[in-house]
Amino acid sequence: MSGSYYVPETSKWPALGSAAVGVMMIGLGVVLVHGVGSLIMALGTVAVLAVMWFWFRDVVIESRQGLYDAQMDRSFRWGMGWFIFSEIMFFAAFFGTLYYVRTFALPWLDGEGAKGIATLLWPDFTASWPLMNPPDSSISGPHDIVSPWQLPLVNTLFLVTSSITLTVSHEALKEGLRATARNWLIVTLVLGACFLIVQGVEYYEAYTHYGITLDAGIYGSTFFLLTGFHGFHVTIGVVTLAVMLARILKGHFSRDDHFAFEAGAWYWHFVDVVWIGLFLFVYVF
Amino acid sequence: MWNVVKSVLAAFFGVQKERRRQEDFTHGEPIKFIVVGILLAAVLVILIAMIALTAAG
Amino acid sequence: MRAMLAWVTGMGVSWLLAPAALANGWNMPKGVTEISRDIYSLHMTIFWICVVIGVVVFAVMFYSLFRYRRSQGAKADNFHEHTTVEVLWTTIPLLILVGMALPATATLQRMYDPSGADLDVMVTGQQWRWHYEYMDEGVSFTSSMSTPTSQISGEEARGENYLLDVDNPLVLPVDQKVRFLLTSDDVIHSWWVPELAVKQDAVPGFVNENWVRIEEPGIYRGQCTELCGKDHAFMPVVVHAMEQDEYDEWLAERKAEAEAEANSVDREWEMDELMERGEQVYGSVCATCHQQDGSGSGQFPALAGNDQMLDDVDWHKDVVVNGVSGTPMAAFGGSLSAVEVAAVITYERNAWDNDTGDVVQPSEIQEMLE
Amino acid sequence: MAPKLPPQHPLEHSTATTAGQAHEHDDHHHYGGPGGIKRWLLTTNHKEIGSLYLIFSLSMFFIGGIFALVVRAELFQPGLQLVQPEFFNQMTTMHGLIMVFGAVMPAFVGLANWMIPLQVGAPDMALPRLNNFSFWLLPVAFGLLLSTLFMPGGAPNFGWTFYAPLSTDYGPPSTTFFIFSLHIAGISSILGAINIIATILNMRAPGMRMMDMPLFVWTWLITAFLLIAVMPVLAGVITMMLMDINFGTSFFDAGGGGDPVLFQHLFWFFGHPEVYIMILPAFGIVSAIVPTFARKPLFGYASMVYATASIAILSFLVWVHHMFVVGLPLAAELFFMYTTMLIAVPTGVKVFNWVTTLFRGSITFETPMLFSLAFIVMFTIGGFSGLMLAIVPADFQYHDTYFVVAHFHYVLVPGAIFAIIAGVYYWLPKWTGHYPDERLGRWHFWLSVIGVNLTFFPMHFSGLAGMPRRIPDYALQFADFNMVSSLGGFLFGASQLLFVAVLIKCVRGGEKAPAKAWEGAEDLEWSVPSPAPLHTFETPPDMTSQAPQRH
């Protein structure tokens, strides 16, 4: 008897995908280093997106054909689970940076703690968080900060609510209530989009009115590093969920076969949890 | 529970009787071992940190 | 099998030779401080522990390889567990490690106690030289490698202290606790003198502490040990340890020089004086990058015939005093005196057929520094 | 852990699969896939991808090796003869980067691709298309990295550890491209590791429990976990570098409130587990080879698993031992000294287990065994110098000298690389159906052993005598050591050409190997024919009857 595990035939998407990634990264590098070549970068990016489209399309087709058994399903689950773990570690590096800067570097520069003698070099520096006046006086710090209790709080509500609506949608899908699932997924998407818009407004405010910029010292650096990569991940999540909506509209997914939706939901919850961390440690404390 | 702790400690030490190991792997729930393992690893880290902090004065 | 035996013999011989070799000066120096001797003894203790463990383990291994050859008809046993042995070979190493950790901790505690220093020296790493400042004494100078490039390229025979000679060594008194405060103006450097057992990174923007109490007068040589760019190999450290009275004399001389120089800032300097002083400063500070003949190399621009520099004296002064951010050109306003800066600028504007005739007075630079 | 569900026929491909099984020996028109270059570009087969990884790794090994020989040639005598310091620094940097990310890691991934499905009785890797993607990212990444050599300002010249601010404020313009090439290589590693974990956890033959898995599988499971945990941290830190270089942030600049040392913390939080990523699979390979040629079960299988896991966990707690002289609070130095010393215990256990496996065996000395035995001895020597380096006060003298260079080359060359070579000799019969040439293999072995020791043993002495790392020129008292090292380096490099000769010969022909190519070999891969057909275990082997295993 033949085995049941689906081993796909040859596929051109992986090789094309890596070529596309190469073009995109080289393009980005040329733009950053030489200030030209945005066309190469754009081409590469489009190619990457196209490859993703076709690759996932193949997977969807195979899934629709019923080629995937329960073991394959588990492989996808392990794969997605560990992928999210890798994303957690990516953010862990950034949270670690924030922690290190606030707990060690800044107090040391100000003369506190085991290596406080560094204050010899920065006699006028006083540590504070958010850091308004960086040690080097030629770097101008922000002159105002983002209050956590305005836009960030709104965004927190958006994202937490969206996690709940997504769960409702998921439960509905598990019950086979496709229309309900669709409606709640739309609500989730709207909330996600609202989050991104509000984040955009906040960035605009920060840059133009508060003087929080990438080159405003370590506060601006960590602020944009963390919120920026988070926002990028939210964008990916929104796109993923939009694809899931399209698939629901096309009649994909059944009560017990909808791992793509579930994977998207895992990802969304991960993005939500990271935001809670951000809200607490970037904005509140 | 005590058996789980003992097994995890044995694993930390790296020596375990074959019979006990077989038991753990046939009857034990992996999640218990993982949780206890993480907790005891944290204890070990804290212990070493305490020693280091004491020595550093 | 003969090959096996050759290998066993070879390994055995090298293990026997290793300690013998160590006795012949291939080893870590014992050094001239209490800490360095402590470190040496830690080093030798752990070394011998490793040798003993290695001899035992490899003896069992090679015995097994020899005794249980299949070509000699050895039949394989089937055992694959033995709790007692396993407990033993986990516990014993653990105990040995605890035994090693105790003296290591004690030594480290002493190394980390810079309190009660008699003298503070600020050591600043720069690409690619060291700057020393005797804090509270008003004495400071840069120390650059003095091995000529002709020796490096092989045109001239290499001297005894090839790559390990500097123009101005760090002078320290013996039997005094000297505290080092280490920092850097550009990248991370590391200040190391093996015989003083001091190796400490110099990190830009931060200050590291270390200390030494040298017991014997002498000249001790070391090198930068953190990759810091192209001339990483060419920034040696030389410490000249002197008896207290000799040191005091040296310091007094240096102080007098510094004072004289400070007083001379306001007076009008002659071209010749500035050129003479400038050539000396240029050779010690600028020549590693811009070359002795001002021809530059790679990313370092030529100064001979450099139109931007020659046309705009203010720009020239600004570059030397404040550096150029985003390039290796450091701000020398902090580490050179006003006289030195004025001298080197004058030199650069008149040497190598630049011949502008410009004279930059120390007073102008002093103004910029304030 | 993963009870196999009753096999079902896939809807579309049942005919193809059945046909495939009938023509198992006939690789080329199997599945009607493309031939020629396209076959290799588009393949989803774990064996083909494994071969691609191994060939890629071998070419990188030679490129990185040539860079090392440039370094050794310059260091043959004092003075600057061949290259200028700028280029010398590029060579040391590229040598390190290529060897770590381009040679050793892909070699292990290649072996994992080939052997893990065979050792756990799986038809392929869990996610075959992703597998192909992981591989083809590598040529892109390293093509980009190598191209930096031809960029204005030259290639990265700040060491493979690329400490800020030398790499950020003072790096060449190509640094941005170097960062992107590492990003791509990192994505490749993460995806590869995810695939390996999913394969091990989900694709084992029915009845094969975790504690029945061969140690190569176990060590790779743990390695894959380490990869997924730390490669993203590397991605994070190089992203921060990128921003410091191009967007004016101040993560590693005290003037803006950052800290250059933060870079080192993040880098080594990745870097230390990375070191074990490069040695744990080697432990697995040696743990397969030693029992085979001692014809005796591995001593202490369970403790080997535990030791591997403890080494992996401890690897997250020791990163600061790379930074003992950077200026850290005393408590930190002590904590990391204690944890580092602890690692010696599980590592020692491994060595003791191997030696005890030899004890009262019935030993023969085929080439894979010779390399494994050399691994045990010389890895242990590297372990000893590692233990010495853990003693913080002594490390103040050893740090950044050739003693460190000697240490990590002992664990990486006769450690990781010898294990890879041993694994290749061991599994070549399974891959090609022919035994590798034993005579050439022995020459390769002895010349390598002599070359390696001539190269790296004197470095202990030059380091202790005070020679710093990464210098293109040195004081006269180090001249003899360096001359010997350089001669050894060229001997070792040249003797690797023999390896290529063995490989080519073995692929083209040689003594035919049976399914069980080595008398004492026990694992599942030896139950399939040699050479292994393109598709194996399409029907999973039932392992339930086989328990208890020999472990």
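## Helix α9 of chain D

The expected span of a helix is taken here as 1.5 Å times one less than its number of residues, and helices are DSSP runs of H or I with at least four residues, numbered from the N terminus. On that basis, helix α9 (residues 280-294) of chain D, with 15 residues, reaches 21 Å from its first C-alpha to its last, close to the expected 21 Å. α9(D) is also mostly covered, with 15 of its 15 residues buried; buried means under 20% relative accessible area, exposed means over 50%, and partly exposed is in between (1.4 Å probe, protein chains only). Just after α9(D), Arg295(D) takes a positive phi of about 55°.

## What kind of model this is

This is a predicted model, where local features need pLDDT of at least 70 and side-chain atom pairs count only at pLDDT 80 or more, while totals for chains, interfaces and linings use all residues. Residues are numbered from 1 along each chain as its sequence is written, chains are lettered from A and ligands numbered from 1 in the order in which they are written, and side-chain values use heavy atoms, with hydrogens and water left out.

## Who touches whom

Contact means heavy atoms within 4.5 Å. There are 5 pairs of chains in contact, and chains C and D share the most contacts of them. Chain A and chain B, on the other hand, do not touch: their nearest C-alpha atoms are 11 Å apart.

## The C–D interface

The C–D interface has 2 salt bridges, each being a side-chain nitrogen of Lys or Arg within 4 Å of a carboxyl oxygen of Asp or Glu. One of them joins the side chains of Arg70(C) and Glu519(D), at 2.6 Å from N to O. Nonpolar covers Ala, Val, Leu, Ile, Met, Phe, Trp, Tyr, Cys and Pro, charged covers Asp, Glu, Lys and Arg, and the others, Gly among them, are polar.

## The B–D interface

Here 14 residues of chain D meet 15 residues of chain B, and the area buried between them is about 1,400 Å², of which carbon and sulfur atoms give 77%. Tyr306(D), Phe335(D) and Tyr338(D) lose the most area on the chain D side, together 37% of what that side buries.

The count between chain D and chain B is 0 salt bridges, and there are 0 residue pairs in polar contact with both at pLDDT 80 or more. α10 (301-314) and α11 of chain D each supply at least two residues to the side that touches chain B, and α11(D) gives the most, with 7 residues. That side has 10 nonpolar, 3 polar and 1 charged residues.

## Two buried residues in chain D

Phe178(D) lies in helix α6 (residues 175-202) of chain D and is buried, with a relative accessible area of 0%. Leaving aside neighbours within four places in sequence, Phe178(D) is in contact with residues including Leu97(D), Phe158(D), Phe162(D) and Met241(D).

Ser134(D) sits in helix α5 (residues 128-147) of chain D and is buried too, with a relative accessible area of 0%. Not counting residues up to four places away in sequence, Ser134(D) touches Tyr53(D), Ser188(D), Leu191(D) and Gly192(D).

## Helix α8 of chain C

In helix α8 (residues 313-322) of chain C, buried residues include His316(C), Lys317(C) and Val320(C). Their cover includes α7 (307-311), α9 (338-350) and α10 (362-369) of chain C. At the start of α8(C), a side-chain oxygen of Asp312(C) reaches to within 3.2 Å of the backbone nitrogen of Asp314(C), and just after the helix Gly323(C) takes a positive phi of about 70°.

Methods: A polar contact is a pair of N or O atoms within 3.5 Å; within protein, one must be able to donate a hydrogen and the other to accept it, and residues adjacent in sequence count only if both atoms are side-chain atoms. Buried area is the accessible area (1.4 Å probe) that two parts lose on being put together, summed over both.
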